[in-house]
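Please read these notes with the model open beside you. They go from the whole chain down to single residues.

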Amino acid sequence: MLVKTFSSAVFGINAEKITIEVNLGQGINYFLVGLPDNAVKESNQRIKAAFTNNGFKFPGKEITVNMAPADIRKEGAVYDLPIAIGILAASEQVNSESLENYLMIGELSLDGMLRPVRGVLPIAIQARNDGFKGILLPEENAAEAAVVSGIEIYPVKGLRQVVSFLNNEESILPISPSFNLDGGLLNSFELDFSDVKGQMNIKRAFEIAAAGGHNIILVGPPGAGKSMLAKRLPTILPPMTEDEALETTKIHSVSGRKRLIKGLMIERPFRKPHHTISDVALVGGGTIPQPGEISLAHNGVLFLDELPEYKRSVLEVMRQPLEDRQVTISRAKFTVDYPASFMLVAAMNPCPCGYHNHPTRKCVCGPGVVQRYLNRISGPLMDRIDLHVEVTPVGHSELISSASNEYSLEIKSRVIKARNIQKIRYSSERIYCNAQMNKKDQELHCEISSEVSEVLKLAMEKMGLSARAYDRIIKVARTIADLDGSEDILSIHIAEAIQFRSLDKKGWAENIS
Ligand SMILES: [Zn+2]
């Protein structure tokens, strides 16, 4: 007898339907065909044990299991359940009538219980789009799948329960979708910008960065609070849209990390990889491709503390994704794309000893050392950073100042307002914020009057800024104008944007190729 069951293969951050055909013939043998990897091939042993331990009979026949389409690689133990049910149905130990209604996933343990698998969110989306009535899946994966509406999610404990369900001997209550975006008006963070005394210029820089999605670098001596400030950035970021939240959760779903996903991720991710990270861990890769830190930071923040300490090769592999906002991983027989649209937040000391330009302490670095230190970061990488901020230790007067500190939520409400302006501006384009503008978008949306243009040119000359700073200044000025609620970019906006190019002044652009 020939029966069909249905399952799914994850590819990048998407999934495709897999049809599993099981045929019983004369003889005693077991064939598994259709590009399975080793974990799939080993399902045979797990299924046999699970049958024995649950009172099912492994048929003494020639069993052929075909997984289609044949050109899609099937990996992992996710197919244990649909193969097992296929064998039981073909040998008439379970009713096969309703098999076409369900997509099944799950790894079997030897006692027949189900273990969670990865990539459940993309699988649930695919199952819904392919018109399945429901998904039978391990209990631990149910919350993740329930993010998707329009399909019934049946959490099951083990093989025996699935058989009872298909035989109409037991009903399982599908769990209801749990989709709750709070509109961004609640902050559940323990940190807050109101904890930070003074540092007004840095808070302002973060507000601009968050409002336009700009990359930002903080330069300052040890102890000035660079990472303390950076860690508070998530508290003022705008909430993710439904689409953004789904995309980000999908990446975390396929990443195979141990942590189970409890539902839709609603907070933008904040990733802080250590400076010893490898190229592959940062951008993704591996024999079975996995998304890297830049993709796990998708729609959120990638924070690189002590930027010059990262291996040069690591920083270089990040350049292309910074431009393309996605990363492509090529293997002999296939390529996968992972989205990687993130805000880069970097921090560094101004020199190896940390006290170059310090108001009270002396820098002990020899001649040329400071420039060599800065040169560890290539010009093209620096060129992709819109805002440069010098962080100085908070002075005594600022510390004792009684000026009240703004709460993160107050800053965030201005950020959201500015983002809403951008949402409307780019509604017919495939970008969401000012930082994502290309040259053409910039020409279209950042027109400046000849008067303002003159102010900009003069200021750039006076401050010794290189030509490549021009585009950055315009983009940041666009965001400042949006925060200001101004349709036009005015000279006051340009003047503020220019202040955030301090590293250009020191000759980054000229001395680095
Ligand atoms: Zn120094």
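1. A residue counts as buried here if 20 or more other C-beta atoms lie within 10 Å of its own, and as exposed if 12 or fewer do. On that basis, buried residues make up 44% of the 513 residues in the protein. Please keep in mind that this is a predicted model.

2. Overall dimensions and content come next. The C-alpha trace spans about 90 × 45 × 45 Å along its principal axes. The protein has 23 helices and 18 strands. If we take contacts between residues at least 6 apart in sequence, 74% of them join residues at least 24 apart.

3. The domain assignment gives domain 1 (2-166) and domain 2 (193-511). Their centres, taken over C-alpha atoms, are separated by 44 Å. The contact takes 15 residues from domain 1 and 15 residues from domain 2. On the side of domain 1 that touches domain 2, the elements giving two or more residues are β1 (2-11), α4 (120-129) and α5 (142-145). The largest share of that side, three residues, comes from α4. By class, this side of domain 1 has nine nonpolar, two polar and four charged residues.

4. Which residues touch the most other members of the largest nonpolar core? They are A84, A124, I135 and A145, in a core of 141 residues. Domain 1 and domain 2 both give residues to this core, so it lies between them.

5. Leaving aside residues up to four places away in sequence, A84 touches I47, A50, L108 and L159. A84 is one of the buried residues of α3. That helix, residues 80-90, is mostly covered, with 11 of its 11 residues buried.

6. P69 is in the loop between β4 (62-68) and α3, and the peptide bond from A68 to P69 is cis, with omega near 0 degrees. E92 is in the loop between α3 and β5 (102-104), and its phi is near 55 degrees, a positive value in a residue other than glycine. For comparison, most residues other than glycine have a negative phi, and most peptide bonds are trans.

7. Is E92 buried or exposed? E92 has 12 other C-beta atoms within 10 Å, so it is exposed. N357 also has a positive phi, near 65 degrees, and lies in the loop between β17 and α14 (369-375). With 14 other C-beta atoms within 10 Å, N357 is partly exposed.

8. An open sheet of five strands has the order β11-β14-β17-β10-β18, with parallel pairing. Why is one side of β11 and of β18 left without a neighbour in the sheet? β11 (270-271) and β18 (387-390) stand at the edges and each has a single partner strand, so one side of each has no neighbour there.

9. The pairing of β10 with β18 can be followed residue by residue. Strand β10 (residues 216-219) runs parallel to β18, and four bridges join the two. Helix α7 (residues 200-212) lies across β10, β17 (343-348) and β18, and runs at about 165 degrees to β18.

Technical notes
Residues are numbered from 1 along each chain as its sequence is written. This is a predicted model: local features need pLDDT of at least 70, side-chain atom pairs count only at pLDDT 80 or more; totals for chains, interfaces and linings use all residues. A nonpolar core is a set of buried Ala, Val, Leu, Ile, Met, Phe, Trp, Tyr and Cys residues joined through C-beta atoms within 7 Å. Domain bounds come from an automatic or database domain assignment. Two residues are in contact if their C-beta atoms, placed from the backbone, lie within 7 Å. Ala, Val, Leu, Ile, Met, Phe, Trp, Tyr, Cys and Pro count as nonpolar, Asp, Glu, Lys and Arg as charged, and the others, Gly among them, as polar. Two strands pair if DSSP finds at least two bridges between them. Axes are lines fitted to C-alpha atoms, for helices over the stretch in contact, and angles run from 0 to 180 degrees between N-to-C directions.
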